[in-house]
Amino acid sequence: MNNSLENYRKDELRNKLSRAGFRPLDVMLTGTTGAGKSSTINAIFNASKAAVGFGCEPETQQITHYTLHDFLRFWDTPGLGDSVAKDAGHKRNIAELLDKKYNMHNCDYGFIDMVLLVIEGSRRDLGTTCTLLNEVIMPRISSDRILVIINQADAAMKGRHWDAQNNKPDAVLQNFLQEQARSVKERLSSSSGLEVPKIVHCSAEYGSGIKEVMDFIIDRMPLCRRPVSRLAGRHFFVSGIC
């Protein structure tokens, strides 16, 4: 996997997981159609692992996992926003993955350790994203295990102010992206009650900011398994354990 992030901070991740007592770290990517979940995975692997849709045509229709190494595994999920009928099926499948558990020492733990919510940088409407958070994600996993990134930073401001030579946003776009992150934080807080201390921008298509995404995951990874409790035939997360 030439130029992939397979070995990036691998020893640190291994040590963290050793202290936490589990491996691998299972990270689920979710968001709307076209947000760039599959592109983000491909950028991390620096290979065409996940099929990518173009325009309004989604490619990911089934949940698929991709293993970077023994300590990190990503789960690509279908995006919401195609149709009411398709969204219902996708939400059901995402919920089932978040509800998946395993038992160790007579305790139930959630299979998915973290959620990486991918937001499209050029999209202003967060309605579908907030619906996904409210109806599927937040009832099942604690907010400290939810990370938010904004993809397609190169397409923000209609593609203006992207420094192609240095493969990064120029000063004008940097300011715009910072304001965008502040606005998204406020919207997620008011609509979903999700308090996001940090948002990372990237451009998966150009491989820009992908190391920062990996840093985000490794720095914020939980240091314990995700405990869940059973009540009335359903599973609920238990917060405040780590």
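**View 1. Helices H3 and H4 cross in a right-handed manner.** A crossing is right-handed if the near helix is turned clockwise from the far one by less than a right angle, and left-handed if anticlockwise. This is a predicted model, in which local features need pLDDT of at least 70 and side-chain atom pairs count only at pLDDT 80 or more, while totals for chains, interfaces and linings use all residues. Residues are numbered from 1 along each chain as its sequence is written, and side-chain values use heavy atoms, with hydrogens and water left out. Helix H3 (residues 84-99) packs against H4 at an angle of about 50°, and their axes are 10 Å apart. That angle makes H3 oblique to H4. Axes are lines fitted to C-alpha atoms, for helices over the stretch in contact, and angles run from 0 to 180 degrees between N-to-C directions; under 35 degrees counts as roughly parallel, over 145 as roughly antiparallel, 65 to 115 as roughly perpendicular and the rest as oblique. Look for Lys91, Ile94, Ala95 and Leu98 of H3, which meet Thr131, Leu132, Glu135, Val136 and Ile137 of H4. By class, this contact of H3 with H4 holds six nonpolar, one polar and two charged residues (Ala, Val, Leu, Ile, Met, Phe, Trp, Tyr, Cys and Pro count as nonpolar, Asp, Glu, Lys and Arg as charged, and the others, Gly among them, as polar).

**View 2. H4 also packs against helix H5.** Here helix H4 (residues 127-137) and helix H5 (residues 171-192) have axes 10 Å apart and an angle of about 50°. H4 is therefore oblique to H5, and their crossing is right-handed. From H4, Gly127, Cys130, Leu133 and Asn134 meet Arg187, Leu188, Ser191 and Ser192 of H5. The contact of H4 with H5 has three nonpolar, four polar and one charged residues.

**View 3. The largest nonpolar core has 34 residues.** Such a core is a set of buried Ala, Val, Leu, Ile, Met, Phe, Trp, Tyr and Cys residues joined through side-chain atoms within 4.5 Å; buried means under 20% relative accessible area, exposed over 50% and partly exposed in between (1.4 Å probe, protein chains only). Leu25, Val27, Phe74 and Ile217 have the most contacts inside this core. H6 gives the most to the core, with six residues. Valine 27 touches Leu72, Arg73, Phe74, Trp75, Met114, Leu116 and Ile217, leaving out residues up to four places away in sequence (contact means heavy atoms within 4.5 Å).

**View 4. Methionine 221 sits in a loop and is buried.** The loop runs between helix H6 (210-220) and strand S11 (226-231); helices (H or I, at least four residues) and strands (E, at least two) are DSSP runs, numbered from the N terminus. The relative accessibility of methionine 221 is 4%. Apart from neighbours within four places in sequence, methionine 221 contacts Leu13, Lys16, Leu17, Leu25 and Met114. Leucine 13 is 208 residues away along the chain, yet its C-alpha atom and that of methionine 221 are separated by 9.0 Å.

**View 5. Asparagine 106 and lysine 158 have positive phi values.** Asparagine 106, with phi near 65°, is in the loop between strand S4 (101-104) and strand S5 (107-110). Asparagine 106 is exposed, at a relative accessible area of 75%. Lysine 158 has a phi of about 60° and lies in the loop between S7 and strand S8 (162-163). Lysine 158 is also exposed, at 78% relative accessibility.
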